[in-house]
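Visitor: I'm new to this one. Can you put it up and walk me through it?

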Amino acid sequence: MNTTTLWRNARIATLDPDIGQDGWGLIEHGAVLTNGASIAWVGQEADLPAGAAPARTVDLGRALLTPGLIDCHTHLVYGGHRAAEFEMRLQGASYEDIARAGGGIRSTVAATRAASEGALLYSAARRAEALMAEGVTTLEIKSGYGLSRDAEASCLSVARRLGQALPLEVRTSFLGAHALPPEFEGRSDDYIDAVCRWMADLHAQGLIDAVDAFCENIGFTPAQIRCVFEAARALGLPVKLHAEQLSDQGGAALAASFNALSCDHLEHLSADGVAAMRAAGTVAVLLPGAYYFLRETKRPPIEALRQAGVPMAVSTDHNPGTSPGLSLLLMANMACTFFRLTPLEAVQGITVHAARALGLRDRGQLIAGQRADFVAWDLQHPHELAYWFGRNPCLHVIQNGVQRS
């Protein structure tokens, strides 16, 4: 059966460094030939291989074509919201003040535990659909708002169901070491032991793709994170880390010693941390939404990361407390305006480097052999993806070779 489709009449930003000199990998008068869920060929339409006989042809009307967008760091499954804390911060309370007073993550834990799995699925699906409408084709979802074995299992199960219910690839990260739940007050080491036990059980259920943790003075110590990562390594699970967001705990270097997929936030990242990430091939995930929402002033060391050749991804960090945004395109713009990324770096950050942050090598560029995930935009040049905000230029999303309805 012929399952090939020719997607023609487009300007294509392949992000293939072997095409052109500027990194965009632009192809004028381009076309993409897909075979089922994979890309079979990309090039100028006039160069379509002899003998290619696609079963159908789709005219893209001279749209700009890019890889599907990848949101590689979200906390999409949770109950309630924390709008009241937003107001508290405007009145002078710090993130640490709110957390130590029983707000912050713990308040979302209470709301999440009280919600039914159906309610969690419904609310998470609405958020996912908002991201999908802007061209997101792959989405990472963390647990971390249950903080008990059953509640964490419920959140991860919802994330799995989301990927089954929607035309969307969902990757899950177990973030049991996110905060200390009230029933473990004063017993953080005991809680870490529990997290490691739950990890094995949840992995056996097929609910975990990667393991994450929060290394911070209001989170967990490097020694405790090491225990979590050693348990993950014993199970063959890759790790990532919320690192150096509020202070330098040496978390990035620790994570890199475990060949972490990514270290995320990184406002207080040291030179040693940069060097360790470079040596390990660990991706830096920049989260400008949290930087903006918390009104931070210390930026991640972008130039040091750039000079070291550390790949930089960009994500929404969607969560109810510190980054309630649902626009990956806005995050690309913020990465340029706040962190001084170039538009090319920002677009790479929501495509190819975001894929690497999830350990995925089969997406993020438009080249033969990759997944047939791409987006048609009402734009002339891909740098516009990091330029406009407050509008959605997405025309069509093709996921696994099939156009979303």
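Guide: What follows is a short tour, from the whole chain down to single residues.

Visitor: What kind of model is this?
Guide: This is a predicted model, where local features need pLDDT of at least 70 and side-chain atom pairs count only at pLDDT 80 or more, while totals for chains, interfaces and linings use all residues. Residues are numbered from 1 along each chain as its sequence is written, and side-chain values use heavy atoms, with hydrogens and water left out.

Visitor: OK. How many helices and strands are there?
Guide: The protein has 14 helices and 15 strands. Helices (H or I, at least four residues) and strands (E, at least two) are DSSP runs, numbered from the N terminus. The radius of gyration is 21 Å, close to the 22 Å from the globule rule for 405 residues, so the protein is as compact as a globular protein of that length. That radius is taken over C-alpha atoms, and the rule is 2.2 Å times the number of residues to the power 0.38.

Visitor: And what box do the C-alpha atoms fill?
Guide: Roughly 70 × 45 × 40 Å, taken along the principal axes.

Visitor: How much of it is buried?
Guide: Buried residues are 58% of the 405. Buried means under 20% relative accessible area, exposed over 50%, and partly exposed in between (1.4 Å probe, protein chains only).

Visitor: Now the sheet. What's the strand order?
Guide: An open sheet of 7 strands runs β3-β2-β1-β4-β13-β14-β15, with mixed pairing. Two strands pair if DSSP finds at least two bridges between them. At the edges are β3 (38-44) and β15 (402-403), each pairing on one side only.

Visitor: What does β13 pair with?
Guide: Strand β13 (residues 374-377) is joined to β14 (residues 394-399) by 4 bridges, running antiparallel. Strand β4 (residues 56-67) also has 4 bridges to β13, again antiparallel. V375 stands opposite V397 in β14, and T66 stands opposite V375 in β13.

Visitor: Which way do the β13 residues point?
Guide: F374 and A376 point one way, V375 and W377 the other, and all are buried. In a regular strand the side chains alternate between the two faces of the sheet.

Visitor: Back to β4. Is G61 buried or exposed?
Guide: G61 lies in strand β4 and is exposed, with a relative accessible area of 54%.

Visitor: Switching to helices. Why is α12 called largely enclosed?
Guide: In helix α12 (residues 328-337), 8 of the 10 residues are buried, so the helix is largely enclosed by the rest of the structure. Among the buried ones are L328, M331, N333 and C336.

Visitor: Last one. Where is E216?
Guide: E216 is in the loop between β8 (210-215) and α7 (222-234). At 2% relative accessibility, E216 counts as buried.

Visitor: What is E216 in contact with?
Guide: Leaving aside neighbours within four places in sequence, E216 is in contact with E244, Q245, L246, S247 and Q249. Contact means heavy atoms within 4.5 Å.
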